[in-house]
Amino acid sequence: MKTRRPGSRMMTALVIALVFALMTFAITAFAEGESADAAAGPSTYATIFSLLPPVIAIALALITKEVYSSLFIGVLAGSVMAASFKPAATMDVMINDGLIAAASGTAGIFIFLVILGILVALINKTGASAAFGHWAKTHIKTRVGAQLATFAFGVLIFIDDYFNCLTVGSVMQPVTDAHKISRAKLAYIIDATAAPICMIAPISSWAAAVSKFAEGTGYSGIELFIRAIPYNFYSLLTLIFIVALALMKFDFGPMAKHEFNALENGDLFTSGTEHDEIDSDIGVGSGRGKVIDLIIPIVVLIVICVIGLLYVGGFFNGVSFVDSFADTDATVGLPWGSIIALVVTIIYLIARRLISFKDAMACIPKGFVAMVPAILILTFATALKNTTNLLGADVYVETLMKGSAEGLANFLPAVIFLVACFLAFSTGTSWGTFGILIPIVTSIFTADQELLYIGMSACLAGAVCGDHCSPISDTTIMSSAGARCDHINHVSTQMPYAITVAAVSFVAYVIAGFVQNAWIALPIAIAMMILTLFGIKLARGGAKK
């Protein structure tokens, strides 16, 4: 006879409580005929309680290891608070302002996700992925080489983090699998070369976002972005961290268990759901696919997506290259480019007689099904952000920051870094954090202060760090999807690594606030990062893979 686990009993209790609450709301609403008008605004607006819904969702996800119900309960909690605890209004907020707004607002990313899933299924069907795996076994002979190759490929795709997450995962998964690198480690490398590399690349959708949020502040957004790069300690140190960890051949925290199981037992997943639906077709079909048949679709996808981003930004209507990136919309440009790339890829593969038209069409639903988990999580996470915004979380943080700015002076960059980390972690959005904090940073510091650029970099780095750690971040979600790794496994294994880099970055911002010179602060930060890793390795007794 099986014994029910405590986690199972807790989830059952949560579900019962949720159903009971929904029934109570429905009965009350119909009995009282309550108006759904919440124009007066919630009593928790712009208070510390405005951050409660994402905290609930994150805590439940980490405790129960189940992300769908945790996010839904977070959305429900935010809707209840935004509707001032009125039942009918709660349903209106949750459905209209939460879920429907989330689905419509991220529809372009959904299309991009599905098309990438289809492309992966097509390439796998031809046997090109298997051919790349065989090539990798010949040319990439060590686990260190496989990790560094994945890192290098991630660095090369600096245009957009969404694009980075899914493309790197699809291309490098056969390589890391062949060298028994866990999916959790692959997901970490993908995530750590997505947002961080985009945050130090002047030509990227993230640089464009920063430029947009700087409008109206009296400063050039792209100039602020570029001058902040040397002080963007979290992004720069994350890249150092990945390379150093691979070369030093050790892991720590939950990641060590995943890597041990992968290397010693061949278990790439350790626990959680195995998201390998697409991979069932690897090597099936003609089997004549070659490495070039994987490279050409990826190159076509990259080139056309870049053209799509430029087109949406107005480049072909006379707008300059830099300005077109600043004005582009990735949710339009990436689907624009990926649809064309999909058509070109299908024509190419059929012309090469690697796949029939019927088999190509059969890959469409397979690609869609493979991306359903990511789409569901992204929808719930975006709905949670929407309801949190209705509670005035941005107003609360802005008031808190302005009230604490006086008298902090040289310590302010470090404080900004922590606030940005907390806000991005709680809301799961880097860009939303930019929008809140950039106007505050530019109002605190004057243009002739080096602290302006240090404070700007602290804002950007903190946003990336919080986004990196958050289970409800879209980048974190898509890194899990790209590696086809259980989402909670990715979050739990990545967090100790991100926190380690964040701790070193915080100290670096304290130092930078006083020395105010990147050529001094950055080398010190790099040295601290490497010494920290040596210290952790020594503390673990020099454990090696």
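Me: What is a cavity here, and how much space lies in the largest cavity?

Reply: A cavity is a set of grid points where a 1.4 Å probe fits but cannot get out. The model is predicted. Its largest cavity holds about 80 Å³ of space, and the count of cavities of 30 Å³ or more comes to three.

Me: Which helices supply the lining of the largest cavity?

Reply: Helix H5 (107-126), helix H8 (161-178) and helix H15 (292-312) each give at least two residues to the lining. H5 has the largest share, four residues. Among the lining residues are Leu 116, Ile 123, Thr 167, Ser 170, Pro 297 and Leu 301.

Me: How many residues of that lining are nonpolar, polar or charged?

Reply: Eight are nonpolar and two are polar, with no charged residues.

Me: Now take helix H25. Which of its residues are buried?

Reply: In general, an α-helix has 3.6 residues a turn, so residues three or four places apart point the same way. In H25, the buried residues are Ala 518, Ala 521, Ala 525, Met 529, Leu 533, Ile 536 and Lys 537. Seen down the axis of H25, these fall within an arc of 145 degrees, so they line one face of the helix.

Me: What do the buried residues of H25 pack against, and what does the face turned away carry?

Reply: The buried residues pack against helix H13 (233-248) and helix H24 (487-515). The face turned away from the buried side carries the exposed residues Trp 519, Leu 531, Leu 538 and Ala 539.

Me: How far does H25 reach from its first C-alpha to its last?

Reply: H25 (residues 518-539) has 22 residues and reaches 31 Å, close to the 32 Å expected at 1.5 Å a residue.

Definitions and conventions: Residues are numbered from 1 along each chain as its sequence is written. This is a predicted model: local features need pLDDT of at least 70, side-chain atom pairs count only at pLDDT 80 or more; totals for chains, interfaces and linings use all residues. Side-chain values use heavy atoms; hydrogens and water are left out. On a 1 Å grid over the protein atoms alone, a cavity is a set of points where a 1.4 Å probe fits but cannot get out, and a pocket is an open set with protein on both sides within 12 Å along at least five of seven lines; lining residues have an atom within 4 Å of a point. Grid points are joined across faces, edges and corners, and a volume is the space filled by probe spheres set on the points. Ala, Val, Leu, Ile, Met, Phe, Trp, Tyr, Cys and Pro count as nonpolar, Asp, Glu, Lys and Arg as charged, and the others, Gly among them, as polar. The expected span of a helix is 1.5 Å times one less than its number of residues. Buried means under 20% relative accessible area, exposed over 50%, partly exposed in between (1.4 Å probe, protein chains only). The arc is that of the directions from the helix axis to the C-beta atoms. Contact means heavy atoms within 4.5 Å.
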